[in-house]
Amino acid sequence: MPSANPLISIIVPVFNVQKSLNRCIESLIAQTYTMLEIILVDDGSTDGSGQLCDDWLTRDSRVKVIHKSNGGLSDARNAGIDASHGDYLFFVDSDDYVDERFIGLMFEASCRENAPLVICSVAQEDESGNDLLGIPALPSLPSISNRQCMELTYTNPGAVTAWSKLYRRSIWDDIRFPEGRLHEDEFVFHEVMYQCETWLLFLSGFTITFSTPEALCILRTVSGVSTE
């Protein structure tokens with residue numbers, strides 16, 4: 001019988017992000033859902049980021065570190081997938097950070113609706129927190145089919161990003177990111193959709209936001225929108 005509190009693996013590719021890495025990891029350590037495996041994949045960093053990863057090994061037992069030669073984002077994510085033990089996967093970029101309730105709310109939504117994949121919207125804001133025109137919000141529907149989600153990519157490029165989604169681990173059993181490709185998410189998105197036999201859930205109460213020019217990603221509550 002599945003555990004009521006399964007392990008969720010968070011995969012964080014790391015490459016020369018010394019200034020933002022601790023903030024990212026601190027936001028993951030602070031998650032209200034605590035059954036986590038936080039896999040930091042040091043992809044041949046040369047700025048001290050690898051040592052910061054190792055420092056976290058002694059600060060929280062849930063942190064795992066992989067050191068490897070530089071192979072790019074796809075290779076780092078694949079290494080994290082191969083090393084993961086969780087029943088769910090989540091990808092976080094190392095210059096991002098998330099709200100402390102993020103993983104818990106995504107997981108609760110997946111369980112409540114028996115959804116293999118939970119998605120949140122993507123928005124842009126500047127460094128002062130001001131909204132910018134960018135990627136459109138996802139539909140105001142609780143769920144859509146895998147085919148509808150694939151059609152959504154024609155109008156919303158944010159739908160294909162790897163890091164705005166909580167996945168059941170089984171989705172990735174036979175899928176890996178293509179190495180040596182730009183926009184690697186786009187090459188696996190359709191394969192992920194084919195693994196979702198029923199439908200996908202939108203968690204409308206939260207939006208991933210990122211600021212320019214530093215591509216800082218945070219998770220924030222959208223005013224007036226319920227997560228229930």
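Leaving aside residues up to four places away in sequence, Ser27 touches Tyr97 and Val98 in this predicted model. Ser27 belongs to helix α1. With a relative accessibility of 9%, Ser27 counts as buried, because the cut-off for that class is under 20% relative accessible area.

**Helices α1 and α2**

Helix α1 covers residues 18-29 and helix α2 covers residues 49-57; their axes come within 9 Å and cross at roughly 25°. The two helices are therefore roughly parallel, since angles under 35 degrees fall into that class. The crossing of α1 and α2 is right-handed. On the side of α1, the contact is formed by Gln18, Leu21, Asn22, Ile25, Glu26 and Ile29, and on the side of α2 by Ser49, Leu52, Cys53 and Trp56. Sorted by class, the residues in this contact of α1 with α2 are six nonpolar, three polar and one charged.

**Cysteines**

How many disulfides does a search of the whole structure find? The search finds zero. Cys53 is thus in no disulfide, and the nearest cysteine sulfur, that of Cys24, lies 9.5 Å away, whereas a disulfide requires a pair of cysteine sulfur atoms within 2.5 Å. Cys53, which also takes part in the contact between α1 and α2, is buried at 0% relative accessibility. Cys111 is partly exposed, its relative accessible area being 43%.

| Residue | Relative accessibility | Class |
|---|---|---|
| Ser27 | 9% | buried |
| Cys53 | 0% | buried |
| Cys111 | 43% | partly exposed |

Note on methods: Residues are numbered from 1 along each chain as its sequence is written. This is a predicted model: local features need pLDDT of at least 70, side-chain atom pairs count only at pLDDT 80 or more; totals for chains, interfaces and linings use all residues. Side-chain values use heavy atoms; hydrogens and water are left out. Buried means under 20% relative accessible area, exposed over 50%, partly exposed in between (1.4 Å probe, protein chains only). Axes are lines fitted to C-alpha atoms, for helices over the stretch in contact, and angles run from 0 to 180 degrees between N-to-C directions. Helices (H or I, at least four residues) and strands (E, at least two) are DSSP runs, numbered from the N terminus. Angles under 35 degrees count as roughly parallel, over 145 as roughly antiparallel, 65 to 115 as roughly perpendicular and the rest as oblique. A crossing is left-handed if the near helix is turned anticlockwise from the far one by less than a right angle, and right-handed if clockwise. Contact means heavy atoms within 4.5 Å. Ala, Val, Leu, Ile, Met, Phe, Trp, Tyr, Cys and Pro count as nonpolar, Asp, Glu, Lys and Arg as charged, and the others, Gly among them, as polar.
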